[in-house]
Amino acid sequence: MKRALITGITGQDGLYLSELLLAKGYQVHGVIRGQNNPKLDLVRAVVPEVILHTGDLLDSFSLARALEAAQPTEIYNLGAISFVAYSWDNAHLTSQVTGHGVLNILEAVRLYAAGDKSVRFYQASSSEMFGKVQEVPQRETTLLWPRSPYGVAKVFGHYMTINYRESYGLHASSGILFNHESPRRGPEFVTRKVSQAVARIKLGQQDTLPMGNLDASRDWGFAGDYVEAMWRMLQQEQADDYVIATGVTHTIRDLLEVAFGVVGISDWESYVTQDPRFMRPAEVELLIGDASKARERLGWTPTVDFEGLVTMMVESDLAALSRRR
Ligand code: GDP
């Protein structure tokens, strides 16, 4: 039986990846942080088969212990402080967890693997590393220019992953994933914030939706598709870096139009207000990825388009709210 260890098991991607690996017959282990973690019940409910180990990306010994206990051949580092806006208020902590945490787990994996080439590592890198984009669309070779403490921390993790591959021959791959969403996305991210608000407005539970910058563009895909790409990277003979994206970009305005459209509201502007609280000190204006390397080498393509994704999220929130009424 193949064994995998996932950090960030409580997050959106951790849950989808667990489901994928369990369906493939893996024994799945997860690292879970902290005392009385509020997300523990969610993991137990969604993927009860997952074996959990207490650990923290800031605590190297706990990572070593989790590796020793789980004996995995595939390690997926999805754990991070992942909300960009929050990273300005907590720049140091974000650098530690999202940046140095990668070094901690890479070093733990290197010592655990002890030269065993069957051990493989995946690092969750991010399109936020492209920041002030130096090329359109963005690909694996595009110069990185991060625009937030989160982006800077992800760049550190990305290069450290490459460095461990080149220095020690570790099978370490970095997936540069563009924004990926689902009904499991945290409500602080713009897609889920909008899908929840649209459902509440439709049901008469909310009147207005305060928003930040409506002109930013993102390449949004479905998280369920993106975890498949992570797995495929670790099945390759050679470790490498891959952009994972849909190749289609939309503005926040498009998101609002489609989301409100799902519930039959066409004059969405009358519900949306501008709120400076949601503006950022520096903005990533445009993200659009070129995933042709992943398509050619991994045979990976997304299956859910923008309209399908937004519809899925609004309908899921509508159903959840209706059940609660
Ligand atoms: P990010 O790409 O990882 O930062 O993902 P987010 O979903 O947090 O933000 C995507 C884009 O939506 C960014 O350009 C934000 O500035 C923009 N945006 C506009 N209004 C909001 C808002 O109210 N909340 C969030 N989270 N983002 C917003």
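Predicted model: local features only at pLDDT ≥ 70, side-chain atom pairs only at ≥ 80, totals over all residues.
An oxygen atom of the ligand is 2.8 Å from a polar atom in the backbone of V190. With R218 it is the side chain that takes part: one of its polar atoms lies 2.7 Å from a ligand oxygen. How many residues surround the ligand? There are 17, and the closest are V190, K193, R218, R280 and E283.

Now zoom out to the whole chain. The protein is divided into two domains, and both are built from separate stretches of sequence: domain 1 covers 3–180 and 221–244, while domain 2 covers 186–218, 249–286 and 305–324. The C-alpha centres of domain 1 and domain 2 lie 28 Å apart. Where the domains touch, 14 residues from domain 1 and 11 residues from domain 2 make up the contact.

How much area is buried between domain 1 and domain 2? The value is about 1200 Å², and carbon and sulfur atoms give 65% of this area. On the domain 1 side, the residues that lose the most area to domain 2 are F83, W88 and R147, which together account for 42% of what that side buries.

Next, look at the links across this interface. One salt bridge is found between domain 1 and domain 2, along with one residue pair in polar contact. Which elements supply at least two residues each to the side of domain 1 that touches domain 2? They are helix 4 (84–89) and strand 10 (221–222). Helix 4 gives the largest share of that side, namely three residues. Sorted by class, the side of domain 1 that touches domain 2 holds seven nonpolar, five polar and two charged residues.

In the loop between strand 5 (120–126) and helix 6 (149–168) you will find P137. The peptide bond joining V136 and P137 is cis, with an omega of about -5°. The other stop is N36, in the loop between strand 2 (27–32) and helix 2 (40–46). Is phi of N36 positive or negative? The angle is positive, near 50°, in a residue other than glycine.

Notes. Residues numbered from 1 in each chain as written. Heavy atoms only, no water. Domains from an automatic or database assignment. Contact = heavy atoms within 4.5 Å. Buried area = accessible area lost by both parts, 1.4 Å probe. Salt bridge = Lys/Arg side-chain N within 4 Å of Asp/Glu carboxyl O. Polar contact = N/O pair within 3.5 Å; in protein donor to acceptor, adjacent residues only side chain to side chain. Helix = DSSP H or I, 4+ residues; strand = E, 2+ residues; numbered from the N terminus. Nonpolar A, V, L, I, M, F, W, Y, C, P; charged D, E, K, R; others polar. Near = heavy atom within 4 Å.
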